[in-house]
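Here's a quick tour of the model, taken piece by piece. Have the viewer open and follow along.

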Amino acid sequence: MKTFCALLGALVFGFLAGEAGAAQSRSPWEHSVVTLEVTRKQYDYLQPWTKRVAHVQKTGTVIGPREILTTADSMADQTMIRLQKGGRGKWWPGELRWIDYHANLAVVSAAEAAFWKDLRPVPLAASVPGKGSVQLIRWRNGNLEIRKTEINRLIVKGGKLSFLEHLHLEIDSEINGTGWAEAIVSGSKLIGMVSSKEEHGCTVLPSSFIRSCLEARKTEPYRGLGYFDFVWQRAENPATLKHLKLVGEPRGVIVIDSRAKPSQAQVLKRHDIILQIDGFDIDTQGDYKDPAHGNLLLENLATRNKRAGDKIHIKIWRDGAGQGVLYELPPVEYSVDLVPEAVFDQEPEYLLMGGLLFQPLTEPYLQSWGNDWRRKAPFRLSYYKLEKPAPEKPSLVVLSLVLPDAHNLGYQDSRYLVVNKLNGRRVTRLADLLEAIKHPVEGFHILEFRDGDSMQRMVLDAGETEAATRRVLQRYGIEKDHVIASPPLVLKAGVASNGK
Amino acid sequence: MAVQCAEPEKSVIQITTFSQQPIWDAGWRSDAVRKASGSGFVIRGKRIMTNAHVVSWARQILVRRYQDPRPYAARVRFIAHDCDLALLEVESDSFFNGLEPLDVGELPKVRSTVITYGYPAGGEQISYTRGVVSRIELQSYTHIGNRGYLAAQTDAAINPGNSGGPVIQEDKVVGVAFQGIPGLENTGFFIPPPLIQHFFKDIEDGTYDGFPQAGLRIVALQNPAYRLRLKLPDNDLGVRVDYIYPGVPKTKELMQEDDVLLQVGPYAVGSDGTILYQGNRVFVGAAFSEAQNGGLVPVRLWRQGQQMDVSLPVYVYREDRAEGNQYDVLPRYYVYGGLVFTPLNRDYLRTLGQNWFDAAGPELIYELFYRRQEAPQTARPEPIVLASVLSHAVNANLAVQGRTLVDKINGVRIEKLEDVIRAFESSPPQNQDVIEFLPDHTLECLDRAAVKQANAEILKTYGIPKDRRL
């Protein structure tokens with residue numbers, strides 16, 4: 001009896017193990033989904049000379065010969081990429097082939113031919129369903145995890161790494177630890193890639209958006225994404241439309257402001273009513289009827305088969321009459337804001353002068369106050385995020401900290417002051433400071449800050465500043481007195497490519 | 001009933017206030033009547049001294065004597081919201097029969113012992129708490145919200161109900177208990193004699209004006225290079241004028257940025273911005289606060305390598321009143337087509353809840369607290385917000401629903417509430433009223449004829465007695 005039971009147990013176990021093994025080997029996805037391990041530099045913007053190393057594991061999906069698709073998230077400042085297939089075993093060296101931070105897309109590859117053995121590319125679905133069941137796939141603890149999930153909706157919204165609004169999928173998912181480029185598949189096709197995890201669901205980059213970016217990648221020079229730089233409001237108030245002399249049924253949206261750089265030409269004017277974009281009628285809520293997906297926000301028309309520099313026909317109502325304008329899509333750039341939204345592949349810029357630490361005012365710097373930085377960062381600094389750049393104020397430099405030294409006695413508690421001038425010269429970039437230091441006034445460095453509720457002026461002994469800087473570097477264990485991007489960071493922070 | 005008051009406690013008064021505050025985002029309404037208790041003490045001239053916050057917005061004030069069950073009706077004679085002091089009169093003179101007034105003494109020494117008298121919450125009987133004066137320095141006065149004056153800190157418990165009670169040392173009043181720090185036990189603050197005496201002096205002409213300000217932002221001057229640049233001896237004297245606030249024309253005329261204050265009144269000014277004030281190092285602002293409104297403060301200053309003396313007239317600074325809590329004046333508002341317009345001020349923001357600074361959003365905060373200093377050329381004397389929209393068919397299509405700054409109405413830039421009324425009532429003939437909001441220049445229109453028809457109905461529906469209070 002004992003023997004029989006043991007034998008039965010062995011048989012049952014064998015059967016189950018066989019089933020599991022068969023299930024795994026039957027899944028074609030294990031030949032298309034891989035794991036990426038990214039080692040990257042991580043900076044502390046409050047002490048910009050310090051670095052530490054961070055590791056991230058994420059998912060990649062083979063999409064072509066020697067090409068693995070993943071998100072751009074956490075790929076910046078990477079120092080090493082390793083790839084693993086089959087969920088276990090050997091790690092293979094990988095390399096970044098292409099990246100677009102605004103699109104949140106990256107392509108990596110591996111040099112060793114053996115890595116590609118048994119890997120099969122997955123086709124990207126041409127269209128994306130707006131509802132129904134899909135599967136989320138990733139390697140987890142050595143097993144290929146295939147989880148069923150439901151599509152909630154298609155939505156046009158900002159991405160994880162950019163203010164750019166484009167089409168996303170939202171899926172219903174309580175699965176832990178997602179948000180790292182997990183593949184979303186339907187049938188045998190990739191319909192998207194998870195870009196972020198929210199409380200009760202995930203946001204997914206849809207295959208249609210991914211395809212258009214990958215297609216654009218094949219053309220030289222690569223043209224990144226464009227966007228609509230105008231700000232609009234809904235036109236649901238008939239009295240407002242009447243005031244704007246619109247004839248006929250309520251329709252369109254009203255232009256109220258612009259996000260354009262001061263240098264950009266303005267085709268649209270305040271109080272124009274946008275009636276049609278690229279042949280699509282715009283309704284009073286700002287939606288157009290997409291042939292594939294139904295009602296979508298008009299922002300999607302800037303990325304729907306369009307790239308920066310493309311011209312789009314826009315039909316507007318202005319001064320009581322309809323007319324057409326040709327609108328050129330400006331490239332989406334982080335420098336469009338006075339306080340850049342992101343800085344990638346660049347160690348934090350700073351300049352130390354006699355113990356005074358200057359940094360560009362950027363969103364990564366503000367994020368030093370945590371995810372809730374809009375509330376927790378010094379109000380005046382975070383408020384600059386709402387201000388627009390101007391020709392005389394394209395960017396800002398902030399005195400972020402004073403490292404105490406005899407040279408800066410009396411200023412030790414000063415911080416978060418936005419610099420206006422040094423030695424009478426206007427300062428909007430660290431390079432301006434570097435130049436102005438060469439021109440002391442009667443033996444002094446005279447710093448002027450922007451009007452605010454704190455100190456407006458500081459004076460340092462110019463003859464002592466250099467020695468004080470050396471002293472501070474030594475005392476505080478800092479290697480360099482400045483790190484300044486060249487060319488200026490704001491011009492470099494857009495679409496980046498890496499060894500395509 | 002005659003009461004002999006040989007001990008201080010017999011001159012300590014229990015005050016019960018029934019108050020009703022206006023609702024700042026619906027200015028025609030008031031909150032429910034609230035009952036609160038505080039303390040006070042009898043001073044010469046048959047008056048009771050207490051805190052302003054004990055009797056603010058009072059509908060009825062009742063005062064009780066020590067161990068006397070009978071309540072007497074009282075009224076406010078003088079109230080000083082900036083320094084949180086008030087003087088009450090009692091309708092019946094007999095209230096003071098047998099009561100000995102308490103005299104105000106000198107600023108107590110740090111480490112000396114004081115006793116706080118009052119009627120704190122938790123009982124009906126008078127309470128005494130003994131404590132030590134821990135420090136004396138400038139503190140923020142929370143009743144007004146945007147002023148700081150000299151205050152003494154003690155470890156004697158000062159709890160709700162203690163407010164307005166005397167702090168006694170050697171039978172003299174050396175302070176009026178007025179505030180604590182939430183969550184911090186054994187830390188209470190009292191208003192010291194110099195402020196009480198300033199208040200007494202101020203009301204001698206029958207009106208309370210307030211504490212004047214020089215309108216200077218003062219910054220420590222301890223960096224040797226800055227001192228050298230200003231040709232100032234490298235010692236511990238002198239503090240730098242960094243900025244002169246708008247709205248102080250006399251100060252602008254007589255003083256300059258980068259002037260160095262060497263002495264204010266009789267006080268030498270240290271390079272850290274403090275003076276030695278009766279044995280305590282306190283911020284130099286205390287020296288300016290000694291003057292009365294319109295008074296002259298002798299200032300010795302250093303300008304461009306030379307010492308000079310200036311008599312600086314100082315005045316009560318009213319430009320920033322919207323940034324502080326306001327009292328005694330009911331909210332200004334105007335209702336048009338169900339749109340409620342009201343001035344942006346701290347009281348309005350406080351209607352957004354305890355966490356009002358975050359709830360208000362950065363635009364309103366910047367407009368109220370920063371713009372006047374940073375961009376005075378774009379600042380409006382009285383920024384106006386659309387506080388709320390009282391739903392009606394005439395405004396049903398508006399997307400903007402409140403908490404929004406008004407930029408223009410019918411092309412008129414809105415600088416104050418009167419501009420709103422003028423813009424609606426005196427605009428050129430047109431079919432729509434056009435309202436533009438900040439910061440995004442959102443545009444909303446109302447059908448003018450429909451609004452004119454609906455106005456009376458809206459006021460009636462929402463129980464608004466008048467469409468405006470100016």
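## Domains in chain B

This is a predicted model, and a handy place to begin is the spacing of two domains: the centres of domain 3 and domain 4 of chain B, taken over C-alpha atoms, sit 41 Å apart. If you want to select them, domain 3 covers 212-316 and domain 4 covers 332-469. The assignment for chain B also lists domain 1 (8-96) and domain 2 (113-205).

Let's zoom in on one pair. Strand β5 (residues 72-80) of chain B runs antiparallel to strand β6 (residues 85-90) of chain B, with six bridges between them.

## Chain A overall

Over in chain A, the count is 10 helices and 28 strands. The C-alpha trace of chain A spans about 100 × 70 × 40 Å along its principal axes. Chain A has 500 residues, and 42% of them count as buried. Take the contacts in chain A with a separation of 6 or more: 61% of them come from residues 24 or more positions apart.

## Helix α3 of chain A

Which residues of helix α3 (residues 207-217) of chain A are buried? They are A:Ser207, A:Ser208, A:Phe209, A:Ile210, A:Cys213 and A:Leu214. The cover over these buried residues includes strands of chain A, among them β5 (92-100), β9 (165-172) and β12 (201-206).

Technical notes: Residues are numbered from 1 along each chain as its sequence is written. Chains are lettered from A and ligands numbered from 1 in the order in which they are written. This is a predicted model: local features need pLDDT of at least 70, side-chain atom pairs count only at pLDDT 80 or more; totals for chains, interfaces and linings use all residues. Two strands pair if DSSP finds at least two bridges between them. Helices (H or I, at least four residues) and strands (E, at least two) are DSSP runs, numbered from the N terminus. Domain bounds come from an automatic or database domain assignment. A residue is buried if 20 or more other C-beta atoms lie within 10 Å of its own, exposed if 12 or fewer, and partly exposed in between; C-beta atoms are placed from the backbone. Two residues are in contact if their C-beta atoms, placed from the backbone, lie within 7 Å.
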